[in-house]
Amino acid sequence: MTSSSKLESDQPLTPAGRLFLRPEINQIIHCVIGLQNSIDVDSIKSQIADSVMIQHPRFSSLLVRDPNGVEYWRRTSIDVDRHVIVVADPVSDDGTGNENAVNDYLADLSTSSTMDMNKPLWEIHLLLAHNCFIFRIHHALGDGISLMSLFLTCCRRADDPNALPTIVSDSKTARKSRRQSWAEELPKMLLELLMTVWFSFLFVGEFILRALWVSDRKTPISGGDGVELWPRKVATAKFAVEDMKAVKNAVSNATINDVLFSVIGAGLSRYLEHRQPNSLKGLRLTGVAMINLREQPGLQDLADMMKGNNESRWGNKLGILLLPVYYHKKTSNPLQYLKRTKKMIDRKKRSFESYFSYGIGKFVMSWLGAKVACILNYRIMCNTSFTISNVIGPKEEISVGGNPITYIRATSTSLPHAITMHMMSYAGRADMQILVAKDIIPDPEFLAECFENALFEMKTAATTLNVK
């Protein structure tokens, strides 16, 4: 193949992909898959070699740079043995259980391990002693929705080995069937437009200020410049989806994301009381929430994503919402906090903040370069307190290579935040991986308990309300 023909086959990286490759951010996704039975290494390699994943253009391409430093994807052949890393012995000798040992392994990967640029940017670590594997994928290849949609094509339903997992996305609110006259509709439309403009003005303005100089007050969980290089610890908070639904149903029109962020706010309040009990009045923390901007929420059909449809295409289609958390004391009715959280998130949804963040990021990357875009994103991270994301996984139990999957969890490499949280649901459970800078937050297990207790208190309140 000639040099010119190679050049024609190269595909440029998206602006978001270039941003994730910057050394200051350099985001790698770690997806942990627990298995019921022991791992057959040869079988796993064979399944990878025959999978749709190997045929995917991003998973079969090298990252290359031209003389001007512009990155491209270049198709190459795949040597599965170079991508599969077999760890036969236990990853920890200190007597901790499987979960803690795997979390410690993830913590080490989050700061000490980069991707080999001489091969496509993914690898699979088989932890044989712990019956799990870690799928490491560079974020430049795609976001959580893209990657999980691809992974599901390699799986089968546990109750039907020949059937693919069901792709279920969040349904959109149905339109009212009753037609209303223009006289009835016009005032509502004008009010909705005015609220959208107002909230967009407020929240986009705050977003710009956060990228420049406005910062959260320093607390025991604050990160900052250079914190992404500090050693990490990982803990897991475990929730039942039914419990979250019970809380959601107790407040009119609430969503699972409303419940999740209420749990985050309540859990952080309890944790900060433990760490700094006497100086929390009026405290506000700000979280960076990663939002899927595709028209259809939730997981997507891979075939649809690969068609290049602008609304659901493969890649990184993420916006940012800055979500405030206010310290609050324990109350007799924790559902009040859910109501306040829902009100705040509803206002955010009415604004164009997430679309602005996506659009301005794309503009800056395209016209001012990756370095300037990275500086702005890095400053937002340094001026806020934590990151939160939530990916909806399969609702049914599934298997890979005939081996039933027991859990699916996700985390990533470190950021300037001292705490990042990634929740992943699977078959009625929702596990949130909490990645912390251990010199700032030495007890992430206690923080996980604070989150679990917060949901329990809300569920108890919801149950009591239903009984009445």
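Where does L338 lie? I looked this up to begin my notebook, and I found L338 in helix 12. Helices here are DSSP runs of H or I with at least four residues, strands are runs of E with at least two, and both are numbered from the N terminus.

**Ground rules**

I am reading a predicted model, where local features need pLDDT of at least 70 and side-chain atom pairs count only at pLDDT 80 or more, while totals for chains, interfaces and linings use all residues. Residues are numbered from 1 along each chain as its sequence is written, and side-chain values use heavy atoms, with hydrogens and water left out.

**Entry: L338**

(Buried means under 20% relative accessible area, exposed means over 50%, and partly exposed is in between, with a 1.4 Å probe and protein chains only.) Leaving out neighbours within four places in sequence, I listed V247, V251, D258, V259 and S262 as contacts of L338. Contact means heavy atoms within 4.5 Å. I also looked from L338 to W367: they are 29 residues apart in sequence, and their C-alpha atoms are 41 Å apart in space.

**Entry: helix 10 and helix 12**

Helix 12 covers residues 335–350 and packs against helix 10, residues 256–275, at an angle of about 120°, with the axes 9 Å apart. The axes are lines fitted to C-alpha atoms, for helices over the stretch in contact, and the angles run from 0 to 180 degrees between N-to-C directions. I therefore call this pair oblique. For the naming, angles under 35 degrees are roughly parallel, over 145 roughly antiparallel, 65 to 115 roughly perpendicular, and the rest oblique.

Which residues meet here? From helix 10 I noted N257, D258, V259, F261, S262, G265 and A266, and from helix 12 Y337, L338, T341, K342, M344 and I345. I sorted the residues of this contact into seven nonpolar, four polar and two charged. (Ala, Val, Leu, Ile, Met, Phe, Trp, Tyr, Cys and Pro count as nonpolar, Asp, Glu, Lys and Arg as charged, and the others, Gly among them, as polar.)

**Entry: R347**

I stayed in helix 12 for R347. With a relative accessible area of 35%, R347 is partly exposed. Which residues does R347 contact, leaving aside neighbours within four places in sequence? I found F199 and F203. R347 and F199 are 148 residues apart in sequence, yet 6.6 Å apart in space, C-alpha to C-alpha.

**Entry: helix 9 and helix 10**

Then I followed helix 10 to another partner. Helix 9 (residues 241–249) crosses helix 10 at roughly 100°, and the axes come within 9 Å. That makes the two helices roughly perpendicular. On the helix 9 side I wrote down M244, K245, V247 and K248, which meet I256, V259 and L260 in helix 10. The residues of this contact are five nonpolar, no polar and two charged.

**Entry: two positive phi values**

I learned that most residues other than glycine have a negative phi. N253, in the loop between helix 9 and helix 10, is not a glycine but has a positive phi of about 65°. N253 is exposed, with a relative accessible area of 64%. N131 also has a positive phi, near 50°, and sits in the loop between strand 6 and strand 7. At 22% relative accessibility, N131 counts as partly exposed.

I found H125 in strand 6, residues 122–127. H125 is buried, at 4% relative accessibility. Its side chain makes a polar contact of 2.7 Å with the side chain of Y105.

L121 is in the loop between helix 6 (98–112) and strand 6. L121 is buried, with 0% relative accessibility. Beyond four places in sequence, its contacts include L21, L63, W73 and R136.

Technical notes:
Polar contact = N/O pair within 3.5 Å; in protein donor to acceptor, adjacent residues only side chain to side chain.
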